[in-house]
Amino acid sequence: KFIDRSLRGPKEQLPPGPPKWPIVGNLLQLGQYPHRDFATFCDKYGPLVYLKLGQVHAITTNDPSIIQEILVRQDHIFASRPHTLAAVHLAYGRGDVALAPLGPHWKRMRRICMEHLLTTRRLESFARHREDEAQHLVADVWAQAQSGKPINLRKVLGGFSMNNVTRMLLGKQYFGSESAGPEEAMEFMHITHELFWLLGVIYLGDYLPMWRWIDLSGCEKKMREVEKRVDDFHCKIIEEHREARRKKKKEQQEDDEMDFVDVLLSLPGENGRDHMDDVEIKALIQDMIAAATDTSAVTNEWAMAEVIKHPRVLHKIQQELDSVVGPNRMVNESDLPHLNYLRCVVRETFRMHPAGPFLIPHESLSATTINGYHIPAGTRVFINTHGLGRNTKIWDNVEEFRPERHWLADGSRVEISHGADFMILPFSAGKRKCPGAPLGVTLVLMALARLFHCFDWTPLDHVDTAEVYGMTMPKAEPLIAMARPRLAKHLYNWSQ
Ligand code: HEM
């Protein structure tokens, strides 16, 4: 350690951190909950901690001002992504947006996302589908409640997010009565689950290249298998869309009716060539499915769990809904900006249970300094959003679910973003911030507003709030609860 420091000189001192072992560095100090281990290191060694993970330089922080330094002031240095095997196998050789390194390819793909897919106009054109899915969610819970069955909220909320996303992206519904064929729906569900799991795994081969030769669990083999199945699925989807477009004359294709695959296939290219090749389309669609479904479903399940656990909060949400919406109609999207207490509930959920505990890890492009410490080029950055929300230097009673802490003194609208103080970071900031945040917020608020407006909820058992670590961080056990309708019967009827 002494030689290391003296060679680097006083100006190139790394941030403090726990002692390291030869070869493995700090890898063996990480357990089942790396976000909690990293937060403990920050408590012990300071707000910015250096770790050596096998051969990889890494830093972690849970401090708002260091997070701003990384994501705002030095965004140009820290906005790249690490080269991982999952990114190579499960994101078309890093040919997507979310896992692509910073550079012209990422810029082009991100621009396509922002200018053609996630525009306000395009999102508005899907409002009807979202309304349909919200009604479908209520009708589904109502039918189960009528038969006295407990509701598996993971299942219904997962179906809601997935259907919203696949209808918008692929023009298909995968859950429920009008869904695509059962075989295709099963295959789709299966591969997306495998994909999410593999994206979340901390694969030792990314930190210790020699591990790839040992790889006892066959993780890399599994990645290759899923890669093939995902690709087959996307090829089929693109072919179906091409076929439908051939059948429909160009002038018949209403812009408003196009799903994202149609939009990408129709972008005008130059010199007789398509704007995007098939691999680019598949990579983008794949990213959107992964980025949009799990994040919103996981957030919704956490919010429901915390609210069902706290009847006082449920009562206040329902009071607000009864005054803004009333008992004679369903919540619609134009109500959402006026549900200020519910918005506090979502902020509090993001504080305690951020969908991405480390965002998507960033990587530095060149050497730099933070707070006077040397950060080498190629350092992996773990911004600990879970640790940020439970940082006792900025939040009091961190384990207490208390939405009121987000209420603004002047009663003005509560924004579900990091704000100027970076005390929560649900959608990140800077070049890599989530481009789907407005849609994500709508999906979350809409599902919660409908479920709390339409039903009273009681837990079936003790509501456990243990989590499982992954790229997104769900509750360990699915949330099961009893629902009791609280509005007039005719409002629940699907056909009305
Ligand atoms: C509640 C819902 C959502 C949450 C909490 C969420 C959160 C996040 C977070 C934390 C990141 C990583 C940012 C970083 O690494 O700095 C991210 C990236 C991303 N999100 Fe979301 N997201 C949500 C919904 C969506 C939706 C609906 C879409 C699109 C339809 C979407 C598309 C993306 C994409 C493409 C990226 C990668 C951006 C890049 O690397 O340039 N997300 N999201």
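Around the ligand, the shell of residues divides into 15 nonpolar, seven polar and four charged; here Ala, Val, Leu, Ile, Met, Phe, Trp, Tyr, Cys and Pro count as nonpolar, Asp, Glu, Lys and Arg as charged, and the others, Gly among them, as polar. Please keep in mind that this is a predicted model, where local features need pLDDT of at least 70, side-chain atom pairs count only at pLDDT 80 or more, and totals for chains, interfaces and linings use all residues. Residues are numbered from 1 along each chain as its sequence is written.

In total, 26 residues surround the ligand, and the closest are Ala-292, Ser-428, Cys-434, Gly-436 and Gly-440; a residue is near if its C-beta atom, placed from the backbone, lies within 6 Å. Two or more shell residues come from each of helix 6 (104-117), helix 14 (278-309) and helix 18 (437-454). Helix 14 gives the largest share, seven residues. Helices (H or I, at least four residues) and strands (E, at least two) are DSSP runs, numbered from the N terminus.

Strand 2 (residues 56-61) and strand 7 (residues 380-383) run parallel, joined by four bridges, and Ala-58 stands opposite Arg-380 in strand 7.

Conventions:
Two strands pair if DSSP finds at least two bridges between them.
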